[in-house]
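Here is a friendly briefing to read with the model open beside you.

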Amino acid sequence: MTEVHQVRHKNKTLATLLAFLLGGIGAQRLYLGGLRDRALWAHLSALPLCAAASALWPHADAFYHLLPIIVSGLIGFLEALVMGLTSDEKWDARYNPASGRQSASQWPLAVILVASMMLGAGSLIATMSRLFDLLYTGGAYG
């Protein structure tokens, strides 16, 4: 008797939502690639890097302590945009070659993409502004 192995269909909208909400810790990478995904471990390494920065430089501004997780979150916003803008055909060819189903993205994906663009761009601008403030003025403006 042969065992039939059911392959799970990877939902593009869910993956994009995970990248938008929890991209800083790599939830989308866990959903798509599992524990063997190297990018997941790169995202997760941001947490111990934050702890190490706090331990090594306790008197530094808190922004520097949080910088690894901030960068990981910004990458998560970028991943949300890349995943969401991938065509359904390319998505299925990469993540669902044997699932037996086809993706059909609809308007919720567009809402997630707009939110990712707004929050991602705003977060990037805020991060750059704070970094330049700390580097060039020593934090004189905040």
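Predicted model: local features only at pLDDT ≥ 70, side-chain atom pairs only at ≥ 80, totals over all residues.

**Helix α5 with helix α7**
- Helix α5 spans residues 62-85 and helix α7 spans residues 107-137; their axes lie 9 Å apart, at an angle of about 150°.
- Angles over 145 degrees count as roughly antiparallel, so α5 is roughly antiparallel to α7.
- The crossing in which α5 passes α7 is left-handed.
- Sorted by class, the contact of α5 with α7 holds 17 nonpolar residues, five polar ones and one charged one.

**Helix α1 with helix α7**
- Helix α1, residues 12-22, packs against α7 with an axis distance of 10 Å and an angle of about 20°.
- The cut-off for roughly parallel is an angle under 35 degrees, and α1 and α7 are therefore roughly parallel to each other.
- This pair, α1 and α7, has a left-handed crossing.
- On the α1 side the contact is made by Lys12, Thr13, Thr16, Leu17 and Phe20, while α7 brings Pro108, Leu109, Ile112, Leu113, Ala115, Ser116 and Leu119.
- The residues in the contact of α1 with α7 comprise eight nonpolar, three polar and one charged.

**Helix α4 with helix α5**
- For α4 and α5 the angle is about 165° and the axes are 7 Å apart.
- With the same cut-off of over 145 degrees, α4 is roughly antiparallel to α5.
- α4 and α5 make a right-handed crossing.
- From α4, the residues Ala46, Leu47, Leu49, Cys50, Ala53 and Ser54 meet Tyr64, His65, Leu66, Pro68, Ile69 and Ser72 of α5.
- The contact of α4 with α5 counts nine nonpolar and three polar residues, with no charged ones.

**Annotated stretches**
- The unreviewed UniProt entry carries the annotation "transmembrane region" for residues 14-32, 63-86 and 107-126.
- In the model, residues 14-32 are 79% helix and 0% strand, with the end C-alpha atoms 10 Å apart.
- Residues 107-126 are 100% helix and 0% strand, and their end C-alpha atoms are 29 Å apart.

**Leu47, in α4**
- Leu47 belongs to helix α4, which covers residues 46-56.
- The relative accessible area of Leu47 is 44%, which makes the residue partly exposed.
- Apart from neighbours within four places in sequence, Leu47 is in contact with Ile25 and Ile69.
- Gly24 is 23 residues from Leu47 along the chain, and their C-alpha atoms are separated by 9.4 Å.

**Tyr64, in α5**
- Tyr64 sits in helix α5 and is partly exposed, at 28% relative accessibility.
- Beyond four places in sequence, Tyr64 is in contact with Ala53, Leu131, Leu134 and Leu135.
- Ten residues along the chain separate Tyr64 from Ser54, and their C-alpha atoms are 8.3 Å apart.

- Is Ser116, a residue counted at 1% relative accessibility, buried or exposed? Buried means under 20%, so Ser116 counts as buried.
- Ser116 is part of helix α7.
- Not counting residues up to four places away in sequence, Ser116 touches Phe20, Phe77, Ala80, Leu81 and Ala121.

Conventions
Residues numbered from 1 in each chain as written. Heavy atoms only, no water. Axes fitted to C-alpha atoms, helices over the stretch in contact; angles between N-to-C directions. Helix = DSSP H or I, 4+ residues; strand = E, 2+ residues; numbered from the N terminus. Parallel < 35°, antiparallel > 145°, perpendicular 65-115°, else oblique. Left-handed = near helix turned anticlockwise from the far one by under 90°. Nonpolar A, V, L, I, M, F, W, Y, C, P; charged D, E, K, R; others polar. UniProt positions renumbered as here; feature names shortened; annotations may be inferred. Buried < 20%, exposed > 50% of the residue type's maximum accessible area, 1.4 Å probe, protein only. Contact = heavy atoms within 4.5 Å.
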